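User: Could you walk me through how to read this structure? I'd like the general idea for each feature and then the case at hand.

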Amino acid sequence: MPREATQARTVTVQGVEVPKLGYGTWLVEGEDAYDGVLDALELGYRHVDTARAYGNERWVGRALADSGVPREDVWLTTKVWYEHAEPELLTRVFHQQLADLHVEHVDLLLLHWPAFEVPLRKTLGAMEALRQQGLAAQIGVSNFPSELLREALELAPIFCDQVEFHPYLPQGPVLHECLEHDLLLTAYSPFAHGLVHDDPTLREIGARHGKSAGQVALRWLLDQPNVAAIPKASSHARRAENLDVFDFELDDDERAAVAALSGRRLRTADPDWAPDWD
Ligand SMILES: NC(=O)c1ccc[n+]([C@@H]2O[C@H](COP(=O)([O-])OP(=O)(O)OC[C@H]3O[C@@H](n4cnc5c(N)ncnc54)[C@H](OP(=O)(O)O)[C@@H]3O)[C@@H](O)[C@H]2O)c1
């Protein structure tokens with residue numbers, strides 16, 4: 001892999017540049033969300049991931065506003081909750097989300113999970129109307145396995161599928177669709193919700209580069225075309241560590257050793273309302 005590729009901090013999808021490494025805010029609430037986002041922006045993160053369901057949009061928005069970082073320099077993703085998928089409700093709640101976030105538009109609006117009780121055509125139609133009004137620059141889905149993603153692609157101009165993706169969980173079919181249709185694949189829970197940090201293989205590879213297991217996992221994800229990743233961390237030191245992944249390269253053997261860990265097929269987010277996975 002050429003050195004420029006490992007140093008690139010953005011990925012270009014459908015002609016749009018997206019910062020590859022974002023700050024995830026699930027389970028970060030109230031003042032912690034405010035402090036975390038403010039600190040992340042100060043450190044240099046330019047991509048923030050939130051959702052209605054995280055209950056922190058007000059604090060994320062306040063941090064964005066107080067950070068002094070120009071709005072246009074930050075990629076802001078939020079998500080509509082699947083129980084709000086009915087068009088009128090979705091539109092009403094989304095306007096409240098914008099107000100809570102203190103922004104005039106988000107860069108990416110995702111349907112958080114498939115909502116089987118509302119036809120996808122209707123939900124995506126409402127999201128597309130918001131896009132056409134300029135309130136969401138891009139729209140997309142989350143937790144859509146490949147077949148559902150193909151369905152979504154027939155209904156609306158999808159930009160992204162945000163799915164769980166880390167060394168313990170292969171995402172071949174979704175990645176294939178993303179490359180085929182030039183979509184962003186945002187890797188959520190890139191540390192398998194924290195489990196990769198003790199992995200002996202990742203640690204050993206990391207030791208060769210003066211890096212941690214988590215940094216190796218992030219480097220491996222970001223080496224893949226059309227992939228962004230959104231790790232969450234509660235401390236300044238960890239947020240800084242997670243951003244420090246643009247100055248080393250994995251070789252082919254190392255990448256293959258990380259990929260081999262996916263035999264575990266470990267999925268950390270699999271709630272009752274999840275779809276049938278690939
Ligand atoms: N679309 C969806 O349905 C969905 C689902 C899940 C997640 N997400 C998004 O993805 C983001 C990340 O996923 P996640 O929060 O599940 O988990 P994750 O990023 O895979 O892992 C977070 C865990 O790793 C620990 N950690 C972070 N940096 C570390 C470091 N440098 N050294 C040691 N430990 C470290 C964190 O500990 P501390 O926090 O204690 O520092 C936390 O326990 C979420 O915040 C959310 O934005 C989306």
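Analyst: A residue is near a molecule if its C-beta atom, placed from the backbone, lies within 6 Å of it. This is a predicted model, where local features need pLDDT of at least 70 and side-chain atom pairs count only at pLDDT 80 or more, while totals for chains, interfaces and linings use all residues. Residues are numbered from 1 along each chain as its sequence is written.

User: How many residues surround the ligand, and which are the closest?

Analyst: The ligand is surrounded by 27 residues, and G24, W26, F191, G194 and K232 are the closest. Helix 10 (residues 236-243) gives the largest share of this shell, three residues; helices (H or I, at least four residues) and strands (E, at least two) are DSSP runs, numbered from the N terminus.

User: In what order do the strands of the open sheet run?

Analyst: Strands of a sheet pair through backbone hydrogen bonds, either parallel or antiparallel. Two strands count as paired if DSSP finds at least two bridges between them. Here eight strands form an open sheet with parallel pairing, in the order 3-4-5-6-7-8-9-10. Strand 3 (23-24) and strand 10 (227-229) are at the edges with a single partner strand each, so one side of each has no neighbour in the sheet.

User: Over how many bridges do strand 4 and strand 5 pair?

Analyst: Strand 4 (residues 47-49) and strand 5 (residues 75-80) pair over three bridges, in the parallel sense. D49 has T77 in strand 5 as its bridge partner.
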